[in-house]
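Dear colleague,

I am passing on a structure that I would like you to look through before we next talk. My notes on its salt bridges follow below.

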Amino acid sequence: MAGLSDVTVTISVQTPTPILGFGKPLIIGTSAAGKEYKSYSDLAGVAADYAASTEEYKAAKSLFAQKNPPAEIAVAQRKTGATPDTVEDFMASMLLKDWHFLIQTSAAAADIIAVADIIEADKSRQYIARSATQADLATIKAKKYERTAVIYHEDIANYPDAAWVGAVGSLPVGSVTWKDWTLVGIDPLDLTATELAAIHAGGANTYVTKAGRNVTSEGETVSGSFIDLVHSQDYVVFSIQNAVQTLFGSVQDQRQKVPFDNTGIAMIEGQVRTVLQRAFNNGMIATDDDGLPMFTTTFPRRSEVDPANIAARTYPDGKFSFVLAGAIHSAAIQGTITFA
């Protein structure tokens, strides 16, 4: 998902006013010698490089144990021995690789923050962390992360964070939220309503029993944004970048070009609308009262473009917007009982 591109997409979220690649998890750990990024399609492959006693293996096991496991995961270790890699250098190299959801073997608040700061600054990936210490939740919440979500559990040895990503992360982007998911291999916590509220107030999610079903209690990032909203945003941005960049390459293959006229502009707009239609089909974009997708594109004609941009062969004026479909996470229902 990283690399050189001639296409820049920016998106702002106004409130309220392909599976592989966008669900692929990366597990990061540490060791004296470190290990390079490597992809695996099953737990047996992971076991060839990481013993069952390692934290990396345990996280991978939790990922693959879920009902909707990813088609592929990746694992890497940061070198901590002689001439160790800094977190910054290690993550810089990881950000050049193919993955979207980050899982870290360490649950220490300092380690979570060190990585989450980088994820937040990069604005292209998401980090799902775990914590067994409510005091740490306050420290992490103070950072107001949009791209990091924390799942609180008293027993983090079974990697509830990896289980959560394994259960939800590889489903079509925009089709689901991250609340009310059953996690294989994770026991629910027995919490009072007050205790649950305190965990949510601390910017975390947890795992409880509701109506006899074991489920994730919420689906929010540390800042209170919804995990699926951030995921959808990233999907739209990358998909448009990729689609338009592919357009530029495909015309070269045909020994042609994207002309700087209304036809060329329409070619670019067509790629954007195709991505938005796909996002609508996945459930990201709302429908109006007539059942039509609520997205718009505005791509000014050549006559409306600044001549300086035409001379520079730059088209900076394309815009799109859409109304997020959202989801219902709770309901209040009133009833009346009569005697006649």
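A residue is called buried when its relative accessible area is under 20%, exposed when it is over 50%, and partly exposed in between, with a 1.4 Å probe and protein chains only. Please keep in mind that this is a predicted model, in which local features need pLDDT of at least 70 and side-chain atom pairs count only at pLDDT 80 or more, while totals for chains, interfaces and linings use all residues. Residues are numbered from 1 along each chain as its sequence is written, and side-chain values use heavy atoms, with hydrogens and water left out.

If a salt bridge is taken as a side-chain nitrogen of Lys or Arg within 4 Å of a carboxyl oxygen of Asp or Glu, the count comes to nine. One of them joins Glu72 and Lys24, with 2.7 Å from N to O. Glu72 sits in the loop between helix 3 (55-64) and strand 3 (73-79), and Lys24 in the loop between helix 1 (19-22) and strand 1 (25-31), so this pair ties together parts that are 48 residues apart in sequence; helices (H or I, at least four residues) and strands (E, at least two) are DSSP runs, numbered from the N terminus.

Lys24 is buried, at 2% relative accessible area, whereas Glu72 is partly exposed at 23%. Asp98 is partly exposed, at 29% relative accessibility.

Elsewhere, Lys179 and Glu218 meet in a salt bridge of 3.6 Å, N to O, and both of these residues are buried.

Best wishes
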